[in-house]
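Me: I have a structure open and want to go through it piece by piece. Can you take some questions?

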Amino acid sequence: MTTLAHAMMTAARSADSGLTGPGELDRYPYAEGPGADRVSGSVWDATDPDLGRMGRRAAGSRGRGLHGQLVQQLGQMIVSGDLGADRPLVPEEIGQRFEVSRTVVRESLRVLEAKGLVSARPNVGTRVRPVSDWNLLDPDIIEWRAFGPQRDDQRRELSELRWTIEPLAARLAAGHGRPEVQQRLTDMVEIMGHAMGQGDALTFSRADAEFHSLLIQVAGNRMLEHLSGIVSSALQVSGGPIAGCDRPTEASLSHHARIADALAAGDASGAEAAMRQLLTVHPEVERVVPAPREH
């Protein structure tokens, strides 16, 4: 095993031991927080029971702090529909309800505004914006949608987007990668093979994500490169057998190796074909992605 493979597998096992790293998100139902029922108001009434349940972990426990936690909670509530379009968000009531300072509330709402989830206007205040205004390519929104009521639509849309992006990226990348990048792609395939042999799905998925990100970056198209984060998000939130790289299998490993070989050989058609095969659904899955939809 290469030094790189050993390092990645060791790091993945440390992460899998329960120690969460910087930037990770609370994806699941909120923990009951102290004081959740102390404040009542027209905005935070009983029609929104989840609004009073903010995960009250210590600020550094997940590397996000109170500001990050509040962005997470409000973002999830907006995306899930608990806070519907045009719903007013009163900073003072948010601060009281979640027991955070006005500064934390203000900065959190600015982040949500940058994502297109809320708007703040003079004499109107801060209100939730309709879905048509959201930045649906934002990694946080992708994740919130993928673990909320819209999970099926989000995962299907991500899969369809990958079908649009990655075969083209593979074709463009063929023969254009620098030797060190090509070696890195080969290393990722090796790491995936070792991880699969040891039943280490976490390391497999991390090497898989880096493989796809690298491939897009060497395609020589800056607009495609800008979308590499979306592919990474898709891999992280796929949550089911939608594409051939959603879980470790011999077929998945073989397709990755074929892609790497075709890229090194400058075989554009071969790289594109191998990528399409990789993105093909598992045989036992009835729904084909991408599938034509009725209008």
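Predicted model: local features only at pLDDT ≥ 70, side-chain atom pairs only at ≥ 80, totals over all residues.

Me: What share of the contacts join residues at least 24 apart?

Reply: Among contacts between residues at least 6 apart in sequence, 70% join residues at least 24 apart.

Me: Now the sheet. What is the strand order?

Reply: The order is β1-β3-β2, in an open sheet with antiparallel pairing. β1 (88-89) and β2 stand at the edges with a single partner strand each, so one side of each has no neighbour in the sheet.

Me: How many bridges join β2 to β3, and how many join β1 to β3?

Reply: Strand β2, residues 118-121, is joined to β3, residues 125-128, by 4 bridges. Between β1 and β3 there are 2 bridges. As for specific pairs, Val118 has Val128 as its bridge partner in β3, and Leu89 is partnered by Thr126 of β3.

Me: What sits between β2 and β3?

Reply: The two strands form a hairpin with 3 residues between them. In that turn, Asn123 has a positive phi of about 65°.

Me: Which helix lies across the strands?

Reply: Helix α4, residues 102-114, lies across β1, β2 and β3. Its direction is at about 115° to β2.

Me: Moving on to the cores. Which residues have the most contacts inside the largest nonpolar core?

Reply: That core has 40 residues, and those with the most contacts inside it are Ala169, Phe211, Leu215, Ile216, Ile259, Leu263 and Met275. At least two residues each come from α6 (151-173), α7 (179-197), α8 (201-217), α10 (228-237), α11 (250-265) and α12 (268-278). The most come from α7, which gives 8 residues.

Me: And what does Leu263 touch?

Reply: Leaving out residues up to four places away in sequence, Leu263 touches Ala170, Ala173, Ala174, Gly175, Gln182, Leu185, Leu215 and Ala271. There is also a second, separate core of 21 residues, which includes Val71, Leu112, Val128 and Trp144.

Me: What does Met192 touch?

Reply: Residues up to four places away in sequence aside, Met192 touches Phe204, Ala207, Asp208, Leu253 and His256. Its C-alpha atom is separated by 9.6 Å from that of Ser252, 60 residues apart from Met192 along the chain.

Me: How do α6 and α8 cross?

Reply: Their axes come within 8 Å and cross at roughly 60°, and the crossing is left-handed. On α6 the contact is made by Arg162, Ile165, Glu166, Ala169, Ala170 and Ala173, and on α8 by His212, Leu215 and Ile216.

Me: What span should α8 have?

Reply: At 1.5 Å a residue, the 17 residues of α8 should span 24 Å, and its end C-alpha atoms are 24 Å apart, which agrees. Its buried residues include Thr203, Phe204, Phe211 and His212.

Me: Last topic, phi angles. What phi does Asp86 have, and where is it?

Reply: Asp86 has a positive phi of about 75° although it is not a glycine. Its place is in the loop between α2 (65-80) and β1. Most residues other than glycine have a negative phi.

Me: And Glu99: what is its phi, and where does it sit?

Reply: Glu99 has a positive phi of about 55° and is not a glycine either. Glu99 lies in the loop between α3 (91-98) and α4. With a relative accessible area of 29%, Glu99 is partly exposed.

Terms used:
Residues numbered from 1 in each chain as written. Heavy atoms only, no water. Pairing = 2+ DSSP bridges. Core = buried A, V, L, I, M, F, W, Y, C linked by side-chain atoms within 4.5 Å. Buried < 20%, exposed > 50% of the residue type's maximum accessible area, 1.4 Å probe, protein only. Contact = heavy atoms within 4.5 Å. Axes fitted to C-alpha atoms, helices over the stretch in contact; angles between N-to-C directions. Left-handed = near helix turned anticlockwise from the far one by under 90°. Expected span 1.5 Å × (residues − 1).
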